[in-house]
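The following note sets out points for a colleague reviewing the structure shown below. Please read each point alongside the sequence and the coordinates.

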Amino acid sequence: MNKLRIYRELRASTLAELLVVMLTAGIVMAAVMEGIGLFSRYTSGLVSQIVEGGRMRESYYVLDHLVTSADSVTVNEGRVTTWRSGVRSAVLYQRDSMLLIAMERQPDTLFTGVASFGVIPEGVDAQPDSISLTMLHRGRTIDISFPVLRPDHIIAREDIMQTERGYEYH
């Protein structure tokens with residue numbers, strides 16, 4: 001019987017070949033680590049933009065609720081006060097480029113990057129006691145108006161008075 005002989009040879013690598021393999025692995029590893037760092041910076045920037053957008057949206061809704069639910073708005077020394085049922089509900093004022101709100105406790109920041117803030121003057125095509133806010137955000141100018149809505153009972157009273165004027169009572 002013929003027996004097959006299998007020879008196994010192990011080929012050895014020279015020191016130069018091993019050095020080339022290690023250098024190649026190091027270069028690939030450095031490129032991968034740089035890519036991971038780049039991706040990490042990108043995602044952290046994206047997350048901060050999402051958080052900033054969420055804060056702006058929340059601040060918008062807070063200011064919108066304050067103004068639209070107010071009975072009236074007054075201005076005193078650059079501070080805008082919202083009134084609800086004869087009680088002061090909040091004081092809004094601008095300091096540097098921030099819009100601050102003071103309700104019951106310490107002031108809190110609503111918006112940053114505020115260029116101007118105040119009550120829209122009479123004679124402008126806007127509802128009385130409307131508030132205007134101009135912001136600079138990422139190189140763009142954003143103008144927002146918040147109207148003070150008239151309560152339903154006042155609207156109903158005006159409708160009744162208009163109807164009675166139509167009958168011309170003497």
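Are glutamate 34 and arginine 41 buried or exposed? Both residues are exposed, where exposed denotes over 50% relative accessible area, buried under 20% and partly exposed in between (1.4 Å probe, protein chains only).

1. Basis of the note. This is a predicted model, in which local features need pLDDT of at least 70 and side-chain atom pairs count only at pLDDT 80 or more, whereas totals for chains, interfaces and linings use all residues. Residues are numbered from 1 along each chain as its sequence is written, and side-chain values use heavy atoms, with hydrogens and water left out.

2. Overall architecture. The protein chain has two helices and eight strands, arranged along the sequence as α-β-β-β-β-β-β-β-β-α. These elements are DSSP runs numbered from the N terminus (helices: H or I, at least four residues; strands: E, at least two).

3. Surface and contacts. Of the 170 residues in the protein chain, 19% are buried. The accessible surface of the chain is about 13800 Å², and carbon and sulfur atoms contribute 57% of that area; areas come from the Shrake-Rupley method with a 1.4 Å probe, and for residues only the protein chains shown count as cover. Among contacts (heavy atoms within 4.5 Å) with a separation of 6 or more, 29% join residues 24 or more positions apart.

4. Salt bridges. The structure holds two salt bridges, each defined as a side-chain nitrogen of Lys or Arg within 4 Å of a carboxyl oxygen of Asp or Glu. Side chains of opposite charge can pair when their charged atoms come close. Arginine 138 is exposed, at 57% relative accessible area, while glutamate 52 is partly exposed, at 32%.

5. Histidine 137. This residue belongs to strand β7 (residues 131–137). Histidine 137 counts as buried because its relative accessible area is 19%. Leaving aside neighbours within four places in sequence, histidine 137 contacts Glu52, Met56 and Ile142.

6. Helix α1. Serine 59 lies in this helix and is buried, with a relative accessible area of 8%. Not counting residues up to four places away in sequence, serine 59 touches Leu110 and Phe111. Isoleucine 36 is also placed in helix α1 (residues 15–68). A nonpolar surface patch is formed by Val28, Met29, Val32, Met33 and Ile36, with about 490 Å² of accessible area together. Patch members have over 30% relative accessible area and no salt bridge; like charges are joined within 9 Å, and nonpolar side chains (Val, Leu, Ile, Met, Phe, Trp, Tyr) within 5 Å.

7. Methionine 98. Located in strand β4 (residues 98–102), methionine 98 is partly exposed, at 27% relative accessible area. Beyond neighbours within four places in sequence, methionine 98 is in contact with Tyr93, Thr109, Phe111, Thr112 and Val114.

8. Helix α2. The 16 residues of helix α2 (residues 152–167) should span 22 Å at 1.5 Å a residue, and the end C-alpha atoms are 23 Å apart, which agrees. The expected span is 1.5 Å times one less than the number of residues. Just after α2, glutamate 168 adopts a positive phi of about 50 degrees.
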